[in-house]
Amino acid sequence: MSTNDQAVRMIVARVLREILATADEADRAVARETWTVGDRLGATLGGKVAGHAQLRKGTTRAVVSDAEAFQAWVERVHPGEIEFISSVRVRPAYQASVLAAAKKLGDAVAAGGEEIPGITVVEGDPTVAVTLADGAVDLVAAAWQSGELWELIGDLLPALEPAPGAELSGDEG
């Protein structure tokens, strides 16, 4: 596979991922608005159950929404549950400047050449970034419908086939 083909596959995968994520969130929003907690619906494909969807009760959790009010209450009602903390730390602005300098130099060394203990410069693994151009969704959709993408991504979605009547390169007779 050429590097261009590889890049095209990554673009298409990103478009499909975004299309599917949008569809999934829209379906979940409709379910939250129209179903009743406890509803469990089976989904069938080809006469066979493909799974179930259920609207479950939300998770119960407690959060401190007003720290000052909570602390005042604890001081009044349970004063033994209050703790006093004293700590020492490097000023965050200075730490950030040391880290920025080490990153720029590629090593944690002070201006006089002294190695700075506790600071390590590491090189992360390479990453691939994919950015879509305006209209990418429409371009991918049209290429998919014409069958143009089948040879590149057909194995990603084996249950799908090119549009009826679409001619694939290499399959022409």
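**Close-up 1. Trp73 and its aromatic partner in a predicted model.** Trp73 has a relative accessible area of 39%, so Trp73 is partly exposed. Phe70 is also partly exposed, at 46% relative accessibility. Buried means under 20% relative accessible area, exposed over 50%, and partly exposed in between (1.4 Å probe, protein chains only). The Phe70 and Trp73 rings are stacked, 6.2 Å centre to centre with 20° between the planes. Rings of Phe, Tyr and Trp (its six-membered ring) pair if their centres lie within 6.5 Å; planes under 30 degrees apart count as stacked, over 60 as edge-to-face and the rest as tilted. A search of the whole structure finds 1 aromatic pair.

**Close-up 2. Spacing of Phe70 and Trp73 along helix H2 (residues 67-77).** Phe70 and Trp73 are about one helical turn apart because they sit 3 residues from each other in H2. Helices (H or I, at least four residues) are DSSP runs, numbered from the N terminus.

**Close-up 3. The two sides of helix H4 (residues 136-146).** Ala136, Val140 and Ala143 are the buried residues of H4. They cover an arc of only 65° around the axis, so they lie on the same side of H4. The arc is taken from the directions from the helix axis to the C-beta atoms. Asp138 and Gln145 are exposed on the other side of H4. Helix H1 (3-34) is included in what covers the buried residues.

**Close-up 4. The residue after H4.** Gly147 follows H4 and has a positive phi, near 90°.

**Notes.** Residues are numbered from 1 along each chain as its sequence is written, and side-chain values use heavy atoms, leaving out hydrogens and water. In this predicted model, local features need pLDDT of at least 70, side-chain atom pairs count only at pLDDT 80 or more, and totals for chains, interfaces and linings use all residues.

Note on methods:
Contact = heavy atoms within 4.5 Å.
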